[in-house]
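Q: I'd like to learn how to read a protein model by its helices and a few telling residues. Could you walk me through this one?

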Amino acid sequence: MAHLLLLGPVDAQQSLPLPALELLSHELLVLPATSESLAKAENCELVVLDATGELVAARTMAQLVASVLGLPILLVVNEGGLTVLSPEWHLSDFVLPTASPSEVEARLRLMLSRSAENDGRAAPENVGGLHIDELSYTAKIDRRVLDLTYKEFELLKYLAQFPGRVFTREQLLHEVWGYDYYGGTRTVDVHVRRLRAKLGSDHEQLIGTVRNVGYRFHVDSD
């Protein structure tokens, strides 16, 4: 059984955009398609996104999900909307609302399998000029050893594992400090500021700020 997040219906009385989901055994969390809902998706493994209505809004939401959560996305779209789908949506797969339970189950299984294969990565040794050594808990930039605290190292290592992916402050607080930590999200801001200072003016841009969302490890594509 997988933990799925369905973004779309806001009315509890409204039928699901993909009725087949009601006949499957997966655990389903239904939330409105807003940025605020993404902070509640920490235990979810896959996102089902309703695009049977406004396609432009659905595309924006799909891009936000890919950037913030990095989870596979199954788009529910009417046949007329297929003509506008493109790589810019950052989808893993799509399905028509009339898909049978067996088809939906097969698509979910394949998506989760591919996602599990990709999640087995370790922190990269070198990314963006940064060298991370997990065994010695040291990080170097341009052969200069960074004088990091334990949490600073853990935060830098976690961000560097997912170049380009955006994390909210709440996500970073949970992943680096743990669910039993009761401090506020300002802790993340303080550690990011310290990390940037230690990286130096030539490399502080490695930790980018995404306004109104959070932080990401930025690596130039050049």
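What follows is a short talk through the chain, its helices and some single residues.

Q: What should I know about the model before I start?

A: It's a predicted model, where local features need pLDDT of at least 70, side-chain atom pairs count only at pLDDT 80 or more, and totals for chains, interfaces and linings use all residues. Residues are numbered from 1 along each chain as its sequence is written, and side-chain values use heavy atoms, with hydrogens and water left out.

Q: How many helices and strands are there in the chain?

A: Helices (H or I, at least four residues) and strands (E, at least two) are DSSP runs, numbered from the N terminus. Here you get 5 helices and 12 strands. Of the 222 residues, 41% count as buried, where buried means under 20% relative accessible area, exposed over 50%, and partly exposed in between (1.4 Å probe, protein chains only). As for contacts (heavy atoms within 4.5 Å), take those between residues at least 6 apart in sequence: 58% of them join residues at least 24 apart.

Q: What happens at the N-terminal end of α1, and what comes just after the helix?

A: Glu 54 caps the N-terminal end, with a side-chain oxygen 3.2 Å from the backbone nitrogen of Val 56. Just after α1, Gly 70 takes a positive phi of about 65 degrees.

Q: Which residues other than glycine have a positive phi?

A: Most residues other than glycine have a negative phi. One to look at is His 90, with a positive phi of about 60 degrees. His 90 sits in the loop between β4 and β5 and is partly exposed at 45% relative accessible area. Another is Asn 212, whose phi is near 65 degrees. Asn 212 belongs to the loop between β11 (207–210) and β12 (214–217), and at 76% relative accessibility it counts as exposed.

Q: How do I describe two packed helices, such as α3 and α5?

A: Two packed helices are described by the angle between their axes and the distance between the axes. Axes are lines fitted to C-alpha atoms, for helices over the stretch in contact, and angles run from 0 to 180 degrees between N-to-C directions. The axes of α3 and α5 come within 10 Å and cross at roughly 85 degrees. The two are therefore roughly perpendicular to each other (under 35 degrees is roughly parallel, over 145 roughly antiparallel, 65 to 115 roughly perpendicular, and the rest oblique). On the α3 side the contact uses Lys 151, Glu 152, Leu 155 and Leu 156, and on the α5 side His 191, Val 192, Arg 194, Leu 195 and Lys 198.

Q: Is Glu 152 buried or exposed?

A: Glu 152, in helix α3 (residues 150–161), is buried at 1% relative accessibility. Setting aside neighbours within four places in sequence, Glu 152 contacts Asp 147, His 191, Arg 194, Leu 195 and Lys 198.

Q: At what angle do α4 and α5 cross?

A: The axes of α4 and helix α5 (residues 186–199) cross at roughly 80 degrees and come within 9 Å. That makes α4 roughly perpendicular to α5. Arg 169, Leu 172, Leu 173 and Trp 177 of α4 meet Thr 187, Val 188, Asp 189 and His 191 of α5.

Q: What does the side chain of Asp 93 make a polar contact with?

A: A polar contact is a pair of N or O atoms within 3.5 Å; within protein, one must be able to donate a hydrogen and the other to accept it, and residues adjacent in sequence count only if both atoms are side-chain atoms. For Asp 93, the partner is the side chain of Arg 107, at 3.0 Å. Asp 93 lies in strand β5 (residues 93–95) and is buried, at 18% relative accessible area.
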